[in-house]
Amino acid sequence: MDGFHDLGGVQGFGRIPHTINSLDYKKVFKQDWEHLAYTLMFLGADHMKLFSVDEVRHAVERIEFRQHSQTQYYERYVIATASLLVEQGVLTQQELDEALGSHFKLASPAQSKGRPAITGRPPFEVGDRVLVRDERVTGHIRCPGYVRGKEGVVLHRTTEQWPFPDTIGHGDKSAVMQPTYHVQFRNRDVWGDACDDGFVVVDLFEGYLDKVPQQGGRA
């Protein structure tokens with residue numbers, strides 16, 4: 001779903017401070033407690049096998065707008081993971097409230113059961129020109145809004161495949177396995193003439209893409 005969690009391409013927020021990630025978590029996390037949020041998430045997702053990482057992402061999307069704007073990035077993952085633990089019956093709202101000493105506001109309930117991936121098509125190849133499907137959905141989606149409806153060129157197809165996020169993000173384990181593609185877009189095709197020349201590369205699941213027919217009528 002679209003919301004405050006995805007501000008890619010939104011104007012007016014100024015430059016974003018950026019540092020290159022490192023295997024040393026102290027260079028990735030800005031505050032000492034932040035790595036604990038990821039530890040909690042993977043405790044539920046990997047160790048306890050209660051939910052997938054995409055379900056956590058969907059729970060982040062379900063955080064109410066005002067709460068979202070007043071919390072930090074890793075706080076949202078704590079809220080999302082706690083929400084899923086309550087929904088799975090591992091914790092209760094009362095236990096969280098008692099631990100916090102006040103009301104622990106969880107993510108809103110899901111409003112969609114998700115959707116299946118498009119299947120039955122040949123994979124895209126490097127060099128193919130593709131069109132990102134211009135879709136708005138009520139459930140989880142991992143296709144950023146700023147490239148929907150835009151054309152780009154496939155640079156790479158992954159050899160690994162992953163469950164389609166719009167399905168698995170709702171706990172549906174029947175999710176189709178798909179590769180992702182590195183798709184390159186011209187800046188001006190995405191944001192218009194006001195931006196600098198250059199390119200942006202976005203990692204997109206196969207189900208978000210359609211092939212653009214070649215000129216002359218050949219697919």
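**Salt bridges, cores and helix packing in a predicted model**

The structure holds 16 salt bridges, a salt bridge being a side-chain nitrogen of Lys or Arg within 4 Å of a carboxyl oxygen of Asp or Glu. The model is predicted, so that local features need pLDDT of at least 70 and side-chain atom pairs count only at pLDDT 80 or more, whereas totals for chains, interfaces and linings use all residues. Residues are numbered from 1 along each chain as its sequence is written, and side-chain values use heavy atoms, with hydrogens and water left out.

The protein has eight helices and seven strands, taken as DSSP runs (helices H or I, at least four residues; strands E, at least two) and numbered from the N terminus. The C-alpha trace spans about 65 × 40 × 30 Å along its principal axes. Of the 219 residues, 36% count as buried (buried, under 20% relative accessible area; exposed, over 50%; partly exposed, in between; 1.4 Å probe, protein chains only). Among contacts (heavy atoms within 4.5 Å) between residues at least 6 apart in sequence, 63% join residues at least 24 apart.

Several salt bridges can be described individually. Glu87 pairs with Arg62, and the closest N and O atoms of this salt bridge are 3.0 Å apart. The pair links distant parts of the chain, 25 residues apart: Glu87 lies in helix H5 (residues 73–87), and Arg62 lies in the loop between helix H3 (53–61) and helix H4 (65–69). Glu87 counts as partly exposed because its relative accessibility is 46%, whereas Arg62, at 8%, counts as buried. A salt bridge also joins the side chains of Arg129 and Glu151, with an N to O distance of 2.9 Å. Here too distant parts of the chain are linked, since Arg129 belongs to strand E1 and Glu151 to strand E2 (residues 151–157), 22 residues apart. Arg129 is partly exposed, with a relative accessible area of 33%, and Glu151 is partly exposed at 32%. In a further salt bridge, Arg188 meets Asp193 at 4.0 Å, N to O. Arg188 is partly exposed at 27%, while Asp193 counts as exposed at 67% relative accessibility. Salt bridges that share partners also join Arg115, Arg121, Arg133, Glu135, Asp166 and Asp210 into one network.

The largest nonpolar core has 19 residues, and those with the most contacts inside it are Phe185, Leu204 and Leu209. Such a core is a set of buried Ala, Val, Leu, Ile, Met, Phe, Trp, Tyr and Cys residues joined through side-chain atoms within 4.5 Å. At least two residues of this core come from each of strand E1 (129–132), strand E5 (180–186) and strand E6 (199–205). Strand E6 gives the most, with four residues. Beyond its neighbours within four places in sequence, Phe185 is in contact with residues including Val132, Val147, Glu151, Val202 and Leu204. A second, separate core of ten residues includes Met41, Phe51, Val56 and Tyr77.

Helix H2 (residues 34–47) packs with H5, their axes coming within 9 Å and crossing at roughly 25°. The axes are lines fitted to C-alpha atoms over the stretch in contact, and angles run from 0 to 180 degrees between N-to-C directions. H2 and H5 are therefore roughly parallel to each other (angles under 35 degrees count as roughly parallel, over 145 as roughly antiparallel, 65 to 115 as roughly perpendicular and the rest as oblique). The contact involves Glu34, Ala37, Tyr38, Leu40 and Met41 of H2 and Tyr73, Tyr74, Tyr77, Val78 and Thr81 of H5.
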